[in-house]
Amino acid sequence: MNSIPAIELHSLTVSYDNKPALWNTDYTLPEGVLAGIIGPNGSGKSTMLKAMMGLVQPASGYVKLFGQPLDAVRQRVAYVPQRSSVDWDFPVTVLDVVLMGRYRPGNLFRRSSAHDRELAMECIRKVQLEPFVGRQIARLSGGQQQRVFIARALAQQADLYLLDEPFAGVDAATEAAIMDLLREMRSQGRTVVVVHHDLQSVAEYFEWLVMVNTRLVAAGPVADVFTADKLQQTYGGSLSILSQVGELVRQQAHPVRETPRPPMP
Amino acid sequence: MTTDDLLIIATGALVAVSCALLGSFLLLRGMTMIGDAISHAVLPGIAIAYLVSGSRASGIMLAGAALFGLLTTAGIEWLRERARLQADASIGIVFTGLFALGIVLISAYAGQIDLDLDCVLFGEIAYVPLDLWILPDGRVMGPVPVWLLGGLLLAIAALIVIAYKPLLLTSFDPMHAAAAGISAVVWHYILMGFVSAATVLSFESVGAILVLSFLTGPPAAAFLLTRRLRPMLLLASGAGVLAAGLGYGLAVWLDGSIAGAMAVVIGAEFALALAWHLYRRRTASAPPAEEPA
Amino acid sequence: MTDPNVLWVLGGVVLMSISAAAVGSFTLLQKRALIGDAVAHAILPGICLAFLLSGGKHPLVLLAGAAATGWLGLVTVEYLTRHTRLKGDAALGLTLSVYYGAGALLLTSIQRSGAGAQAGLDKFLFGKAAAMVREDVLLFAGLSAAVLIVLAWIYKPLTAVIFDRNFALTAGLPVRRLEQALSLLTVFIIALGIQAVGAVLMAALLITPAAAARYWTHDLRRMLVLACGFAAVSAAAGAWISYLLPRMPTGPWVVLALTLTAGISIAAGSDRGLAAAWQRRRQNRRKIDRENLLKCLYQLGEADGQPEAMRLHSEIAARRDMPPARLRAALHALRGEGLLRQEAGRAGLTRAGAAAGSRVTRLHRLWELYLTTHLDLPPDHVHEEAEAIEHILTPEIEAALESKLNFPSLDPHNSPIPAKRTLP
């Protein structure tokens, strides 16, 4: 299998408020899989996604998507953040938000094209929100709001989808509908990565798994890594030495690398 | 109602619409108090422009104000990001420091700066009809402020029409904008630049401080009345124009500050909008129903 | 300058500023710094109404009017934030501009309706401390002191509420009443202070001294003391200049002094100031350079079995890439510590230096081993991080590592892990 991985993390350390939230993380994720990222709260899962999207700068190491830095492949990546990241009182409708998925630096000063609109409507249909097309987003339920975000990501027509806890606070029916959608996307050859919080459904949902606990515990096919031993390492408390060193790094504002990051190869 | 009355109201209306449009975006971005800061902090820019140019030449004043407006924006950002100071304190320190500087300059150079401090704060819109633009060949083109404010409004309208998508995106979801490669920072500075320009062009008519009532009141009222963006912009503009007209009438009746009266009318409009909003909420139907799977 | 009236006014202004700084410290910590701005603007209509209704300029009446609408403004902001979709910043901006506009309208109507008595109302806009007469000052100072006394009385429970509101609730503290007391004190001190510095700038007296103090300490008591100190000095300076230059209002000069203090604090403050951060970075860099040099010399010694041999500078430079100026500084520092001997163009470790070098090498290799065994990292991915972390590991962590790794003798690259030595 010589294809370029969808995601490659190399010695990635990401700090939050001077303290490493993710230590020296290294793995690759192949194209075309439906992958889950699991770990306890505050273990660096969201931080990992944000580093992939360039929303936080790593203290060391790098991320490559499809073998290239983010800037070269932005059009091919879609990010679905947690619902709390947006003010839902904003006076926009479902259609407005999904259309935003079509915005590119190149088409900012032109009206949305008919093609854009049709595509947005199709995505809205796919998430079964067609009756709510003109509704302002505060007047949607939690599950509906999540589906708006997903429709927006679909409208981006990306090859890689990163979803941060899409099932948080969402009813079972919506969760099932979203999973069906994700499976469909995967069968079309897209890569889907989901930060997930419910261990019960891991084996059923995902074929690839990344287990995180401030550092990488395991990454690989679910059958290989979803074991009692790895779960214990993931959820059984953090590495105490690592925590202590992380705390020292923060207190002394110590650099995590002696030399500034070299340009990525 | 004389022509002069109409001119005064028109000037107020132009200020009102410009500020309503800009203020709506400020409100949605949570940057109202930065708008407040800018409207105060342009004062030293105006004073220095006076000292430098020796006159009320609007071009130089505009430049001075724009400079200080952007300085304010940058200063607040710097304090928040680099000095790690909480956002509200960053705003407070920057605008009070610059405003104090402005007052000191105006008081110290009162001889050279033909600016009355009262006028700066409250404006003197009644003088607008007197401030005429006279062409070299003697033709009278009407009051200068009307032309300037008209030009400002055109520029703002053009901005909103042309840059609607980036303004909307960076206001609603700056993280998504950043991920898509669209710089939220650039649009932040563009918007604040326009706010600086609006402040300086309006200060002669409504005063530096009262520009804020036009920036905050009508958009807040509109926000409570509608959940769509385009209606919000229209409602805010309408509320502003109404306040300009009614405010003038109120000021004439009480023989008081015209700008102050306009602010009071804005307050009344907001109170009505609030009452409507609360009434609607009380009699509204149940919260959004769970849709069938 | 020895005019007693001047000294009285100076004293009054200083005392008021201290009270404002103390109150402002609490609102800053509550993240409600700009509420003072809203209240200061909301006060104007109250003063005008009090004047109109009482027909005179008695200070206590005006003060009462000011406090009334100031309080109303504060309540408006809180109500809007809590009960509508408007966010805090919109509520603040709206409240302050509308109330101030109402005040402006009332003020100008009063001014234009004749009667010279209202001339004094002007000073409420910009403040003119010099216009205060002695009786006014006594009242002014007395009320400021009262604010300080009340604040001192509720200081302890108020602090608890600000740091952890939920905990204070469960602990049975009268949280709502304490918060209201703080709000009342805020309104009161602002109503009082406006006469000296004016409405627009009053917010600065609450925000700036407290913000400046934050850069010197994170201890609340010390922060309060510093904030009051900054306020006192700035107020004295401002009031004094206002006297020297009769055309100048007091407010702006006090605020300029405060802003200058804030600027200096941000740059030079020992706790969070920029200079302190720069200093910390410099110290880190120096330590890293010194330890890298020790390690380099030690490893050269590992290669040929002579840990204390003299090495040419060029040998060192070949192995460890360091800018010449920093290399020189590190050589010099190590020599000063007795860890290094130097001759023309050559340097070598002393016995103590060899021990120190061995320790750094030991930490480096222990951390590499930890990364490969406990983080499952491949051996070629651990060197860079160990290069940085080796400088920060304490003896306690060193012991924990050893025990966790079961007293290892080889690192992931099969280099020997030096034994622990007791330093001579």
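**Aromatic and charge–ring contacts in a predicted model**

**View 1. Charged side chains over aromatic rings.** The charged end of Arg85(C) is placed over the ring of Phe223(B), 5.1 Å from its centre. A charge sits over a ring if NZ of Lys or CZ of Arg is within 6 Å of the ring centre and within 35 degrees of the ring normal. Over the ring of Phe66(A) sits the charged end of Arg76(A), 3.9 Å from the ring centre. This is a predicted model, in which local features need pLDDT of at least 70 and side-chain atom pairs count only at pLDDT 80 or more, whereas totals for chains, interfaces and linings use all residues. Residues are numbered from 1 along each chain as its sequence is written, chains are lettered from A and ligands numbered from 1 in the order in which they are written, and side-chain values use heavy atoms, with hydrogens and water left out.

**View 2. The pair Phe167(A) and Tyr205(A)****.** Phe167(A) is buried at 3% relative accessibility (under 20% relative accessible area is buried, over 50% exposed, in between partly exposed; 1.4 Å probe, protein chains only). Tyr205(A), at 12%, is also buried.

**View 3. The pair Phe26(C) and Tyr155(C)****.** Their ring centres are 6.4 Å apart and their planes at 75 degrees, so the pair is edge-to-face. Both Phe26(C) and Tyr155(C) are buried.

**View 4. An aromatic cluster.** Trp23(A), Trp367(C) and Tyr370(C) together form one aromatic cluster.

Technical notes. Rings of Phe, Tyr and Trp (its six-membered ring) pair if their centres lie within 6.5 Å; planes under 30 degrees apart count as stacked, over 60 as edge-to-face and the rest as tilted.
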